[in-house]
Amino acid sequence: MKVYITKSEATGKNIVVDDMILTTDMPTTAGSKMLDGYMSLFEAQAVTALKENGYTICGKANTGEFNLDLLGETSHFGPCEENGVLKGAAAQTVKMGDAMAAVTLEVNGSSARAAALAGLVMMKPTYGTVSRFGTIPAACSGETVCVTAADVDTVKEVLTALKGHDDKDGTSLPQEKCVLGQAMPAKKVAVAKSLLTADADTLAKVEAVKAKLIANGVEVVEIEAEQLLLAKSAWNILMSAELCNNVSKYDGVKYGYRTPNYTNIDELYTNSRTEAFGYLTKSTVLFGSETLSEANYFKVYDKAQRIRRVISEYLTAVFAEYDAILAPVCSKTEYTVEETAANKYMAYEESTYTAPSMITGIPVVVTGGVQLMGAPLSDAALLAMAETL
Amino acid sequence: MKYETVIGLEVHVELATKSKIFCSCSAEFGAEQNDHVCPACSGMPGMLPIVNKRVVDLGMTAGMMLNCDINRVTTFDKKSYYYPDLPNAYQTTQWFSPICVNGRVDIETSKGPKSIRIKQIHMEEDAGKLVHDDWSDTTLVDFNRTSVPLIEIVSQPDISSAEEAIAYLERLRDLLRFAKVSDCRWEQGSMRCDVNLSIRPEGSDVLGVRTEMKNMNSLSAITRAIKYEVARHTRALEKGTEELVQETRRWDDNEGKSYAMRTKETAGDYRYFPDPNIMPVVIDDEWFSRIEKTLPELPEVKREKYTGEMGLSEYDADQLVSSRALCDVFEDAVSVCGSAKEAANWIITDCMQVLNKKKMTADMLDINGTSLGQLIKLVSEDKVSRGNAKRILAAMFEGEIADVEAYAKEYGFIVSNDTSAIENIVKEAIAADPKSVADFKAGKEKALMALFGKCMKQLKGNANPQVLREILIAEINKI
Ligand SMILES: [Zn+2]
């Protein structure tokens, strides 16, 4: 079971970060051969904030290549699996008791899925409330630093350390918006019917959370929420386009993997990339490149941006009435290495559930194997709700 | 058949900011290779771009100088291509919403006045520089220039001759230098130009096949290249010597010829898209008017003022308006000393002398004009001698002197009105040089000058020459 890329000293308040988060004392590889052994000259703001608050970074968890995949199965170092069943490596360090929390860069839902499958609590805070400075860029318009732990209190504690305005991140929100405030108890929660497409075991988890909410005096209403189904394609278009652009700089010239097989600069670029990128990254790059081409820009990329706005507007309307939207995080309760080998686009299919929050940057809490999505900056309210479950 | 030439120019100008566009590295020219480099501008993963507000200031200034409309919401986009001098494999530029649109530059040629329309001005980052090392036969990259801020000024195809192109470029350079947007030095690459050119039968409203010559770096090369291309296009159309194709050509100024570049170097889909890490820049009224207030008078307006109400000669006015720095110092000095003629003299003669000695250009004059005004006033009031004033001026180039009179007192540069002190010195000088005294008495005027010089030296220049002369004659006459 490949849990760590690098393991460091564990002294006290231990936190594991995934391999998308830059550290200066351990390599940061993004799970890619392209960055094998890459040592950054600077560390992520998230790492600095954790250290300043007395936490120790006790290791770098294995990640899928650029965190695009289902559950880390595309890592150049091999998947983190047990008896053929995939475990998200970062979540696994919490499960094993190595770390009190895992801090990861959520790009396409793998952190949420890992937490849901492991029965952990995870929060993806509102986009812009935790600095992305020093995270390996994949899909900058949505990717967010998030926290996974065994209970809500720990998630809250670590998030409090991470949240804050950062001048080094141009998308960072003003300080007053970053802090976790006080929250009113939830009154009304919507269940997104369009996302209730999971298997019976998963739907049972949704039912269990629903029952608890009702027992707590919360009104639970089913809404159609068909608009949320648009998010999957739109997010994958935007994510692919941004990834394609972001990984272009890995050309074998300045750092990272360089092919021994070249006689000129074109071969150096092409062969380095061909030999170092994995299958999912390559297909994402090809797809992203297509969506940004002159012929497709307005037909594909720009349309996805407009869909992003449509979904945001829809969610604004929903959150005017409801405190949260309840939905599954994935369609099943277990995924195997075999399955993902047979279907390389499983992450795409499963992103149905996670794309709505990725594309809009809204906060999400995963607890009891399901997710609660909230309005932008309702992070404290979501955590408070999770506490009652 | 008669043909007319249609030219559009894309001019790149490096902005006069201290730091680069998205990081805090110095943007200064001429440092050791790769001295001005950080993880951001060398393309390390994890750094995020933070827009240098000064760049936006100067972009707006350029737009206002060129009569453009300023887009109050302006965005940055990524332009993707692979080249070793581009460490991120994308250039951050403005594709969808450039900062300025719809401008105008008025020019004057032998055919009279003409307006050249500006299509747009956009802000972007420069690329690095490839340096070929012949010894090891390798190509090395210098990232100092990477992310140095640029604006690209795109004209409409309103230019119809090399003469007009040059007039346009010179006017552009004057305006941008005057507004301190850029130093516009062709020789340092801080001003570069792409020439788009086609020809068509006179009177036709259909554009001909267009060729583009990139990265032209001198006015003479541009003139020659335009003439060459017009001749080549005309020959092709009239005599069918070749088939014209839309392409990018390289101008070889040594051979005086243009060459088609490999299509591989020119064809490309840049896959532009908005940079998600840079929020749209919103220019509010306060910001807009703050920049508007910094706009200088145009050089010709100043010239008019200098020769008119201020009474300067045409020559002096021309010298001053050749550089905004000279104008600024001049106007500040006049406001203190009150004499335009004196201030102009001090700047054109004395300041330029110091600059020349330091191998600096007029644009680099950065002494405080108010201090210069104080100094001129002290000279005109006979409080400081001209010779000592030059010494004080030299000191001003080394560091600011806020209170010139206090400085002059401290360093003993104030002209003495203490006649008894002068008398003592004069008596000593006469006693020490009876020959000169005798010569003077014998009618040799020059002998008085020798005595005068010796006394002045003793007095460290701090004597009113008129007073000294009078005392000297009086003392000699006593003998
Ligand atoms: Zn830099």
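By class, the residues that line the second largest cavity comprise 6 nonpolar, 10 polar and 2 charged. This cavity, described here from a predicted model, has a volume of about 160 Å³, and among the 18 residues of its lining those closest to the centre are Gly88(A), Ala89(A), Ala90(A), Ser110(A) and Ser111(A). Three elements of chain A, namely α2 (89-95), β6 (101-106) and α3 (110-118), each contribute at least two residues to the lining of the second largest cavity.

The lining of the largest cavity is made up of 20 residues, of which Ala40(B), Met47(B), Pro49(B), Asn88(B) and Tyr90(B) lie nearest the centre. Divided by class, the lining of the largest cavity holds 11 nonpolar, 5 polar and 4 charged residues.

Chain B also contains an open sheet of 3 strands, arranged in the order β5-β4-β15 with antiparallel pairing. The edges of this sheet are formed by β5 (90-93) and β15 (273-274) of chain B, each of which pairs on one side only. Strands of a sheet pair through backbone hydrogen bonds, in either a parallel or an antiparallel sense. Between strand β4 (residues 77-80) of chain B and β15(B), the antiparallel pairing extends over 2 bridges, and Asp77(B) stands opposite Pro274(B) of β15(B).

Key
Residues are numbered from 1 along each chain as its sequence is written. Chains are lettered from A and ligands numbered from 1 in the order in which they are written. This is a predicted model: local features need pLDDT of at least 70, side-chain atom pairs count only at pLDDT 80 or more; totals for chains, interfaces and linings use all residues. Side-chain values use heavy atoms; hydrogens and water are left out. On a 1 Å grid over the protein atoms alone, a cavity is a set of points where a 1.4 Å probe fits but cannot get out, and a pocket is an open set with protein on both sides within 12 Å along at least five of seven lines; lining residues have an atom within 4 Å of a point. Ala, Val, Leu, Ile, Met, Phe, Trp, Tyr, Cys and Pro count as nonpolar, Asp, Glu, Lys and Arg as charged, and the others, Gly among them, as polar. Grid points are joined across faces, edges and corners, and a volume is the space filled by probe spheres set on the points. Helices (H or I, at least four residues) and strands (E, at least two) are DSSP runs, numbered from the N terminus. Two strands pair if DSSP finds at least two bridges between them.
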